[in-house]
Amino acid sequence: MLCVLTRTATRTGLVKPCRLLSPLPVVQISERPLVHQESLPKLPVPPLQQTCSRYLASLEPLISAEEMTHTRELMDEFLRPGGIGERLQKSLERRARKTENWLSDWWMQWSYLDSRMPVAMYTSPGVVLPKMHLQDRQGQMRFAAKLIAGVLDFKSMIDSHTLPVEYLGGKPLCMDQYYQVLSSCRIPGPKRDTVVNYAVGKTPPTHITVVHNFQFFVLDVYNSDGSPLTVDQLYVQLEKIWNSSLQSNKEPVGILTSNHRNTWGKAYNNLIKDKTNKESVRAIQKSIFTVCLDAPKPRVSDEMYFNKVAAQMLHGGGSRWNSGNRWFDKTLQFIIGEDGSCGLTYEHAPAEGPPIVFLVDHVVDYMKRSEMVRTPMIPLAMPQKLRFNITPEIKKDIEKAKQNMNIMVNDLDVRVLNFTHYGRKFPRSHKMSPDAFIQMALQLAYYRMYQTCCPTYESASLRMFKLGRTEAIRSTTTESLQFTKAMDDPSKQVQSEKAALLEEAIKVHRKHTHMAIHGQGIERHMLGLRMIAIEDLTSLPDIFMDTSFAVASHFNLYTSQVGSKTDCVMCLGPMVPDGYGICYNPMDDHINFAVTAFNSCEETNATRLSQFLEDSLLDMKTLLEQVSKTQ
């Protein structure tokens, strides 16, 4: 799940504020983050009655009156004095008192590590960076060298605990996730995965892995005196790697990591039985991060370019192209194509979007600087090529993974919409939250396409609290439905009425956002009650077995604002088979969207929804301008 938190700075010191969805600015202040970590408040458990009332209100636009009557009866039973709801609430409050964060362990397990779906496309987002104009492979190597140096510069802030603390409304935010993204890796298990952070050991890793033509290399990125390699040194080492991995007929061992987690778990145990294989796998897992030097893909039109690159960041394009040029379990993989396409994919379990976006902004900023460091005249050892002994059984596993990946690649439709008519400055000029405005445009686009609304999920950050991850904002409300219906209703000719409905829908969305980021959301509290019930009771309460609960949790629109000062776009797969995954990055004068859907679902179409979205944004602008003229 991605966060709605955005930022506008990567340098230390007090900086220009940026916007969350609330009116409060997020600022970064240069001071030691760990000092504030201990003083952060614990995530609260919201009042039971409040959550249940808000849950029922969230169902109103989604279910029939008959279904609502049935659900209210179940809720009355759940909330009976001295009944099951009160018992679960008390148990949850007890857990909250005993733990640093009552939600974080459950969330990591339930949302990520227990999931048996492939991480590629299903949970791991991709980030598309602006196209680099690389003339040749030397340009690719030079760009990669600078990028590595930029990430190491970010790592120096992590290692020295000098990362600026972020504040929201005068309160420090939890910085823990920033310390989880480097030197970490997901490890497959037969029923549940784990995440290991190798940075916390006695000897933190000093190498990255580089993969080219499906072949992995260990690249030590520090000199013997502890100083990071310079861009020139990194360039020389990358050239050595390139020249010793020219054969493109090697077995793509990395593609195994793209498989269904149970299948990969079995193949993993089979792979690491061999001592050489085990050492190679450990070297990848322990590395600070991975750099994927991708082979160029077939040229496409400018119109299709970003669609193809977004797909490349999510899955690599299939076994014929670059899907084997990955280790999808690695938290951070930077991808650099010979054709100038670049970006990254990240394994979602250790962190949300903000640390990744901060890192991207920092690296992009770093790469604009001219390097002033003198390169030491010390000859560097050849980077170590990692060897794999491929048995017939492993070969069979690789072939299965290739087939599965190709099916997934063909099933995912990715559309990048660069909306250039206006950006976040326009809704702000009308005193409206840009995020809430975009969410209403998504509601309108979906309604126009399907003549109905749907459950909608938007990520919100819980980083006001210690070890906070995310909460969900349920964007579909009675007010949003009233607005979307009115927009194209021929009986509603008065534009000011429509504008008033839009304003009211935005007001409600902002209220829900404020409650979510302050630990008063619905989604995670309901999850907590359900998890307590699973642990303590012989059967789940009826409210969780209700059809309405399943309907409300089936998020056809899975959305996230991932704001960055870099002109990039994040993309992620849909949450449900008949749904859409939508990420957006609102810039001042344009908005980058990425929309995904599955081709195997006849009802969904990413291209059509993107077109409806563009039209909705334009119509909402026209509406506000017309009303402004008459006032």
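Tutor: Buried means under 20% relative accessible area, exposed over 50%, and partly exposed in between, with a 1.4 Å probe and protein chains only. This is a predicted model in which local features need pLDDT of at least 70 and side-chain atom pairs pLDDT 80 or more, while totals for chains, interfaces and linings use all residues. Residues are numbered from 1 along each chain as its sequence is written, and side-chain values use heavy atoms, without hydrogens and water.

Student: How many residues of strand E17 are buried?

Tutor: Strands (E, at least two residues) and helices (H or I, at least four) are DSSP runs numbered from the N terminus. In a regular strand, side chains alternate between the two faces of the sheet. On one side of E17, Leu-557, Thr-559 and Gln-561 are buried, and on the other Tyr-558 and Ser-560. E17 (residues 557-561) is largely enclosed by the rest of the structure because the buried count is five of five.

Student: Which residue of E19 is the bridge partner of Tyr-558?

Tutor: Two strands pair if DSSP finds at least two bridges between them. E17 runs parallel to strand E15 (residues 456-461), with three bridges, and Tyr-558 is the partner of Tyr-457 there. E17 also pairs with strand E19 (residues 580-586) in the parallel sense, over five bridges. In E19, the partner of Tyr-558 is Gly-581.

Student: Is His-348 buried or exposed?

Tutor: His-348 is located in the loop between strand E12 (342-346) and helix H11 (353-368). An unreviewed UniProt entry lists His-348 under "active site". The relative accessibility of His-348 is 1%, so His-348 counts as buried.

Note on methods. UniProt positions renumbered as here; feature names shortened; annotations may be inferred.
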